[in-house]
Amino acid sequence: MDYFLTRRTVRKFSDRHIEDSLLEEMLEAASHAPTTGNMQLYSVVKTRSAEGKQALAPAHFNQPSVTGCDVLLTFCADFNRFVRWCEASDARPGYDNFQSFVTSVLDTALFAQQFCTIAEMRGIGCCYLGTTTYNAPQIAGVLQLPALVVPVTTLAVGYPAMEPPLSDRIPVKGVIHDEVYRDYSADDVKALYAEKEAREDSRKFVEENGKRTLAQVFTDVRYTREAGELFSKVYLDFIRLQGFKLPEND
């Protein structure tokens, strides 16, 4: 419990190297995460070279952790391998659909998080890069991903250069619902986010961005409607390009 309650995201890494044997051992353990129908619908691409990390950096908006980590792990939803096995085994696969894509994304997320937990319990730091879905076409080009393989998330991995601050969380009562979902009133959400808003770093965040509230920083600066709609189209178009037939809007 101490690990989970005190875990930290690491964005600055030392030059200490993770041995290949240890990395493979951790990935082996992570591969025993739950998976749909025991199909293991994921792959992970390891990027260790400075050249490889530099090639991927623009797709991740040149975040320092991309080139500063020891190894960059790109976790991909992968139906390619399973489909090839089916075709080589006189079976007719039908997995180029939205449900199959979601299934492979869930498998991939479970695999990635199990690796993250294992690595952190070994004293190795990890940072999730949410930019993976923003610029999936560029990432796929660098990593030479074939059809039915789509990047889902990336972990920057390495030994920490320092102990980072503990991330805040809203009270757990705010995410638990008994029997049925109970919607939130304005008073409910104000109470749940009060401590987060009162933090010194949050107040500084608001001031630096010239906003009145912390929520405005999220809606107007960090995760805007315009950016969400743009990257939604980029990702959806790429998913289709990779061979998944997504339902069309009526």
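Biologist: Which residues lie nearest the centre of the largest pocket?
Modeller: In this predicted model, the largest pocket has a lining of 40 residues. Those that lie nearest its centre are Arg11, Ser167, Phe205, Arg222 and Tyr223.

Biologist: How many residues of the lining of the largest pocket are charged?
Modeller: The pocket holds about 1,600 Å³ of space. Its lining divides by class into 18 nonpolar and 12 polar residues, and the charged residues number 10.

Biologist: Which helices and which strand each supply at least two residues of the lining of the largest pocket?
Modeller: The strand is β3 (125-129). The helices are α4 (64-68), α6 (98-121), α9 (200-208), α10 (214-222) and α11 (225-241).

Biologist: Is α9 oblique or roughly parallel to α10?
Modeller: The axes of α9 and α10 lie 9 Å apart, and the two helices pack at an angle of about 50°. Angles under 35 degrees count as roughly parallel and 65 to 115 as roughly perpendicular. The angle of about 50° therefore makes the relation of α9 to α10 oblique.

Biologist: Is the crossing of α9 past α10 left-handed or right-handed?
Modeller: The helices meet through Ser202, Phe205 and Val206 in α9 and Leu214, Val217 and Arg222 in α10. By class, this contact has 4 nonpolar, 1 polar and 1 charged residues. As α9 passes α10, the crossing is left-handed.

Biologist: Are α8 and α9 oblique or roughly perpendicular to each other?
Modeller: Helix α8 (residues 186-198) packs against α9 with the axes 5 Å apart and an angle of about 80°. Angles of 65 to 115 degrees count as roughly perpendicular. The relation of α8 to α9 is therefore roughly perpendicular.

Biologist: How many charged residues does the contact of α8 with α9 have?
Modeller: From α8 the contact takes Lys196, Glu197 and Ala198, and from α9 it takes Glu200, Ser202 and Arg203. By class there are 1 nonpolar and 1 polar residues, and the charged residues number 4.

Biologist: Which residues of α7 and α11 make their contact, and into which class do they fall?
Modeller: Helix α7 (residues 136-143) and α11 have axes that come within 9 Å and cross at roughly 45°, and the two helices are therefore oblique to each other. Ala136, Pro137 and Ala140 of α7 meet Val234, Tyr235 and Phe238 of α11.

Note on methods:
Residues are numbered from 1 along each chain as its sequence is written. This is a predicted model: local features need pLDDT of at least 70, side-chain atom pairs count only at pLDDT 80 or more; totals for chains, interfaces and linings use all residues. Side-chain values use heavy atoms; hydrogens and water are left out. On a 1 Å grid over the protein atoms alone, a cavity is a set of points where a 1.4 Å probe fits but cannot get out, and a pocket is an open set with protein on both sides within 12 Å along at least five of seven lines; lining residues have an atom within 4 Å of a point. Grid points are joined across faces, edges and corners, and a volume is the space filled by probe spheres set on the points. Helices (H or I, at least four residues) and strands (E, at least two) are DSSP runs, numbered from the N terminus. Ala, Val, Leu, Ile, Met, Phe, Trp, Tyr, Cys and Pro count as nonpolar, Asp, Glu, Lys and Arg as charged, and the others, Gly among them, as polar. Axes are lines fitted to C-alpha atoms, for helices over the stretch in contact, and angles run from 0 to 180 degrees between N-to-C directions. Angles under 35 degrees count as roughly parallel, over 145 as roughly antiparallel, 65 to 115 as roughly perpendicular and the rest as oblique. A crossing is left-handed if the near helix is turned anticlockwise from the far one by less than a right angle, and right-handed if clockwise. Contact means heavy atoms within 4.5 Å.
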